[in-house]
Amino acid sequence: MITGGGFEDEEKWLAEGIAAIQHNAFYMHRALDSNNLREALKFSALFLSELRTSRLSPHKYYQLYMRAFDELRKLEVFFKEEDRHGCSVVDLYELVQHAGNILPRLYLLCTVGSVYIKSKDVSAKDVLKDLVEMCRGIQHPIRGLFLRSYLSQVSRDKLADIGSQYEGDDDTVMDAVEFVLQNFAEMNKLWVRMHHQGPVRIREKMEKERSELCDLVGKNLHVLSQIEGVDLEMYRDTVLPRVLEQVVNCKDELAQYYLMDCIIQVFPDEYHLQTLETLLGAFPQLQATVDIKTVLSRLMERLSNYALSSPEVLPDFLQVEAFTKLSGAIGKVIEAQVDMPIVGVITLYVSLLTFSLRVHPERLDYVDHVLGACVETLSGKPKLEDSRATKQVVTLLSAPLEKYNDIATALTLSNYPRVMDHLDSSTNKIMAMVIIQSIMKNNTCVSTSDKVDVLFKLIKGLIKDLDETPVDELDEEDFKEEQNSVARLIHMLYNEDPEEMLKIIVVVKNHIMTGGPKRLPYTVPPLVFSALKLVRKLQVQDGDVTGEEIPATPKNIFQLLNQIIETLSSVPSPELALRLYLHCAEAASDCEIEPLAYELFTQAFVLYEEEVADSKAQVTAIHLIIGTLQRINVFGIENRDTLTHKATGYSAKLLKKPDQCRAVYACSHLFWVDKQDGIKDGERVLLCLKRSLRIANAAQQMANATRGSSGPVTLFVEILNKYLYFFEKGNPHITSAVIQDLVELIKTEMQSDTTTADPATNAYFASTLRYIQFQKQKGGVMGEKFDAVKV
C-alpha cells in the first residue's frame, strides 16, 4: 500500500516496474527459445520480484500483475513440454522451490503445480492443499491477495467436479470445495487486515483501495457457485455456514456488506429459498454500520423475481414460510441497529411489501402486517420531515394501489390510514392525489358509505387544512388542481341502491363541509349534481322507508341539497349558489313537487336581490333564471305569474339599456312555451317585445346624446328575429304588418347619418332578410304567411 508519494511518483514506479518485467521477460523468452530451463527460471524469478513492491496502489499494482501474469502463461506452456526442458514435472516442482525470494517462488510453484495436477501423476487435492498452505508465507495484504487470486485462477479448471477429468477416488467435490473455502478465508483475512494498517490520516484513501480489491475475494464465491457438485445439501450444510462464519467473524463493515451481497448474487435462488433461515440469521450479527437494507432488499427482489419467473415454486415459498422469516429478520435487524435512520427502516418495509405483493398477492393480511409494522416504527416519533423518508412512505402506500388497481382493496387495510397519519401536510396531499389518480385511472367506483368514509379520511389533506398553513398561502394552480381532483372523485362514488347512495352523499357532505370557504365552491357542485342524479332516478317516488335514518325520497334529498347550497351563500359564492338552486328547482319540477320548486326559485331570487351586485353577474343570472323558468312546467297559474312577473321586473331594472332590452325580449319566451300543453299567451309576448323595442329606441337616443352618434342597430335586428320566431310559431298578435314596420324601421335607422356603421350588424340584418325571402319562396302555409312581408 502507498504510505507516501503522489500520483506522478506512482506512475514513475509503475513504469520502472513494467520496464524491469519487460527486460527480464526478454531474456526469459530467449532462454525458452533455446530450451534452457535454468536461465528461464532465473529470469522469471527476476521479473516476478517486481511484484514485491509496496509502493503501488491496488489499481496500479493490478497493471503490473497483469504484465507478469501474461509472461507466466507463456512459462506454463514451456513447463508442459517436458521434451523441451528434459525435467520431469515432479523434479520441476522441487526445483522451483529453490528460488531466492518467497513471492517469486510461490508464483512459480503455483504455475508448476497447475502443470503437475494436469499430468495426473499426483492427487490434485494434495497439490492444492500444499499450495494454499504455502501461500500463507505472504502476509502483505495486496501481494497476498494477488498471489491467491493467481492460485485461484490457475487451479479453477483443475478442481474435482462432477464430470471433471480430475474427479476420482482420491479427489472429490468436497476436496475442491474445501480448497476454495480455505483460499477464500485466507483472502478475506488479508483484505480485512488492510483496514487496520497505515496511519489514520490516510484511512479514507485506504478504504477506497480496499474497495478496488473486493472482486478478488468475491471471485472465490463465484467459483463455488460454478462447481456443479455443490448441490443444495452441500450448500446448506457446508458452504453457506462456512462462508457466513467468515463474514460475521471478520467484523468489517465493507467486507460484510460486499460478501453478503455477493452471496445473494452468485448462488441460485432455489438455494436462498431453502436456506433462508440460515442466511437471514446472519444479518442481525453484522456490524451496525453495514448497509443491511440494500442487501436485504436485493435478496427480496431476487426471491420475488424467482417466484414470478417460476410460478411452480410458489408452494415452496409457503412451505418455508418465506414472508414470516423475512419479516422476522427485518424486525431483528431494526432491533440490532438502533441507530438505523428512519428512511432505512421504511425502505426495508417497502421491499418486504413489494415481495409480498409479488409472491403472495392474495394475502392482504401480509400487506396489512407490513403497514402495521411501519406504523409501530413511526409511533412516538414526530411527523416525518426527511424528504427521502416521506418519499419511501409514498412508495409504500402506492404499492397496493398499483398492484390491485382497486382502491377498494386498499380501503380494507386497517393500517393504511394509520401510516398516512404520520405524513406531513404536503406529503399527505401528494399521497391523496396518488389515491385519486389511481381511482380515475382504473375507473374505480367506490360503492359503500363505509368505504367512502375511509377514503375521505385518507384524502383529508385535500379536504381540509391539516396544519396552521392558511389556504391563501398555497400555490393557486396547485390548489385548483387538487380541488378539481376531489370534484372528479365525487363523481366516482355511486351505488345502485338509493338508500346506500344517499348515505354516501351524507358522508361526503360531512367531510367537505369542513373544507372552508375557499374549497366549497369546488366541492359542493359535484355533490349537488350527484344528489340530483339520485333524485332523477327516484323521480316521483315518495313516502317513508322503514328502518332507515334518512329515507331516500326526493323531498329528503332536496332538504339536504338546500342545506348544502346554503353554505355557498355564506362563503360567499352567490352566483354559484344561484345556479345550483336553479338546477335543483328544475329537478323538483321533473319530480312534480311544485312547493319545493317554488321555494328553490324563491331562494334564487333572494340571492339575486341581496347578494348579486356585479352588473355582468346580474345579466348572466337573470338569463339563467329566465331559461330555467321557461323549461319548468310544474307551476300553477298563480305561482308562475308571480315568478315571471319577478323575472320581467328584474330584467327591466338592469343597469345598461342593451342588457335590459335583451333580458326583456328573452322574457317573451316565458309566455309562449312550444309544447303541447305549454302556455301560449300571445298578447303578453307582444307586450314584452314592444317593451324591448322601446328600451332599444331609448338606448339609441342615449347613445346619440352622449356620443353624437346612435351606434349600430343590433338590438333592433335581434328583436326582429324574435318577432319572426313567434310569427312562425303562430302567435296571432304578431302580424306581417308589425314585422314589415320593424323592417322599414331598421332600414331607416341604418341609412341615418347618426347611425354608426357596423359590418357585423349589416351582415346579421342581411341574413335575416334572406331568411324571410327563403320562407316566402318555400311556399305552402308558411310561404303564404310571409308573402305580406316586403323586403
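This is a predicted model: local features need pLDDT of at least 70, side-chain atom pairs count only at pLDDT 80 or more; totals for chains, interfaces and linings use all residues.
Reader: Where is the place of Val 122?

Author: Val 122 sits in the loop between α6 (102–119) and α7 (124–134), where helices are DSSP runs of H or I with at least four residues, strands are E runs of at least two, and both are numbered from the N terminus. Its relative accessible area is 23%, so Val 122 is partly exposed, the class between buried (under 20%) and exposed (over 50%), with a 1.4 Å probe and protein chains only.

Reader: Switching topic, at what angle do α8 and α9 pack?

Author: Helix α8 (residues 141–155) and helix α9 (residues 173–193) pack at about 160 degrees with their axes 9 Å apart, the axes being lines fitted to C-alpha atoms over the stretch in contact and the angles running from 0 to 180 degrees between N-to-C directions. The two helices, α8 and α9, are therefore roughly antiparallel, since angles over 145 degrees count as such, those under 35 as roughly parallel, 65 to 115 as roughly perpendicular and the rest as oblique.

Reader: And what about aromatic pairs, how many does the count come to?

Author: The count comes to 24 aromatic pairs, where rings of Phe, Tyr and Trp (its six-membered ring) pair if their centres lie within 6.5 Å, with planes under 30 degrees apart called stacked, over 60 edge-to-face and the rest tilted. One of them is Phe 317 with Phe 355, which is tilted because the centres are 6.1 Å apart and the planes at 45 degrees.

Reader: Which helices do Phe 317 and Phe 355 lie in?

Author: Phe 317 lies in α17 (residues 314–319) and Phe 355 in α19 (residues 342–359), so the pair ties together parts that are 38 residues apart in sequence. Both Phe 317 and Phe 355 are buried.

Reader: Which residues do ring pairs link into a cluster?

Author: Ring pairs link Tyr 61, Tyr 62, Tyr 65, Phe 69, Tyr 107, Phe 146 and Tyr 150 into a cluster.

Terms used:
Residues are numbered from 1 along each chain as its sequence is written. Side-chain values use heavy atoms; hydrogens and water are left out.
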